[in-house]
Amino acid sequence: MPWTRIISALLVIPLVLAAIALGGWAFTAAFALLVVFGEMEYFALVRAKEIVPASKITIFVSLALLIVSQIRVDLADAVIPIAGTFICFYLLFQPRIATISDISASILGLFYGGYLPSFWVRIRGIGDGTIFEVSDRLHQFDFFNQLRNLDQLSWLRITFPVSSGAVYVVMAFCCIWASDVGAYIFGKVFGRTRLSDISPKKTVEGAIAGLLCCCLTAIIWAFSLGWYEWWLSGAILGLLIGIAGLLGDLTESMMKRDAGVKDSGQIMPGHGGILDRADSYVFTAPLVYYFLTLILPLVHKAS
């Protein structure tokens, strides 16, 4: 792995964690920057196919969607049809006659670059105001008690003013990172079978290893957070994140291949563009959100 790639990651990760810890408008603003740069890269790919999308209005309504997700998450889904209507109006009444491709690319930009990423803002907003206490979580770890007597450390109490939403975002990011690293390492060492012609460097062995690493990481998190049926909940979450991340990666590779480019941009040395790094996060966000708000409560209720 090139040193520029490692150094870029070491510089970006602390900024990402700081935005997650701060939450609120700081997190939304950080994500807004990613959405703007990501959609600019997406529309550059689109224009390479001689398509003329409504890029400015799409970016504007995507930012409006993030703001609504921060203020009133229950109204966020209502923004989508309204935003789509504005985009169509813009294309229909501009001097140049729009094509089906122009409309489709613009709506896809709203969905792919705005709507799906907005779910990270929704996840971060879960349980705002709740204090996450490390000491309470540590005492739930049976295997820690086998290694040392934590009762002797009862005076130690570490409290972070972080909501459960921040913990969930970090958890999801860790699962994605585990999947990416596992797939990369095992794919390099053991990869023999090509996964898809869309991305020739990806192998079946690497994909399976990445999925297993993602599931293992999710199970560890589920156990540490004291979820009921933690092994099942963690496995389900890991599968969802692993599969969604892989599909997101392949989708972005498909768009780059169609546009005839190697990277979506050059904003991150050694990594390419925002889409090159965020492709695994796009489809993951809504699955994580609905797992936490719909599936997990059902598992807890059944238990």
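Me: How many helices and strands does the protein have?
Reply: The protein has 13 helices and 4 strands. They are DSSP runs numbered from the N terminus: helices are H or I with at least four residues, and strands are E with at least two. This is a predicted model, where local features need pLDDT of at least 70, side-chain atom pairs count only at pLDDT 80 or more, and totals for chains, interfaces and linings use all residues. Residues are numbered from 1 along each chain as its sequence is written, and side-chain values use heavy atoms, with hydrogens and water left out.

Me: Why does Thr28 count as buried?
Reply: Buried means under 20% relative accessible area, exposed over 50%, and partly exposed in between (1.4 Å probe, protein chains only). Thr28 has 4% relative accessibility, so it counts as buried. You'll find Thr28 in helix α2 (residues 24-47). Leaving aside neighbours within four places in sequence, Thr28 is in contact with Leu66, Gln70 and Val121; contact means heavy atoms within 4.5 Å. Of the protein's 303 residues, 42% count as buried.

Me: What makes α9 and α10 roughly antiparallel?
Reply: Let's start with the angle. Helix α10 (residues 204-224) and α9 pack at about 150°, with their axes 7 Å apart. Those axes are lines fitted to C-alpha atoms, for helices over the stretch in contact, and angles run from 0 to 180 degrees between N-to-C directions. Angles under 35 degrees count as roughly parallel, over 145 as roughly antiparallel, 65 to 115 as roughly perpendicular and the rest as oblique. So α9 and α10 are roughly antiparallel to each other.

Me: Which residues of α9 and α10 make the contact?
Reply: Among them are Val167, Cys174, Ala178 and Phe186 of α9, along with Gly206, Cys213, Thr217 and Trp221 of α10.

Me: What is the angle between α2 and α5?
Reply: Helix α5 (residues 100-115) and α2 pack at an angle of about 150°, with their axes 10 Å apart. Their contact includes Val35, Tyr42 and Phe43 of α2, plus Leu108, Gly109 and Leu110 of α5.

Me: Which residues touch the most other members of the largest nonpolar core?
Reply: Trp120, Ile123, Trp227, Leu237, Ile241 and Leu292 do, out of 58 residues in that core. A nonpolar core is a set of buried Ala, Val, Leu, Ile, Met, Phe, Trp, Tyr and Cys residues joined through side-chain atoms within 4.5 Å. The largest share of this core, 9 residues, comes from helix α9 (residues 164-190). Not counting residues up to four places away in sequence, Ile241 touches Ala172, Cys175, Ile176, Cys214, Thr284 and Val288.
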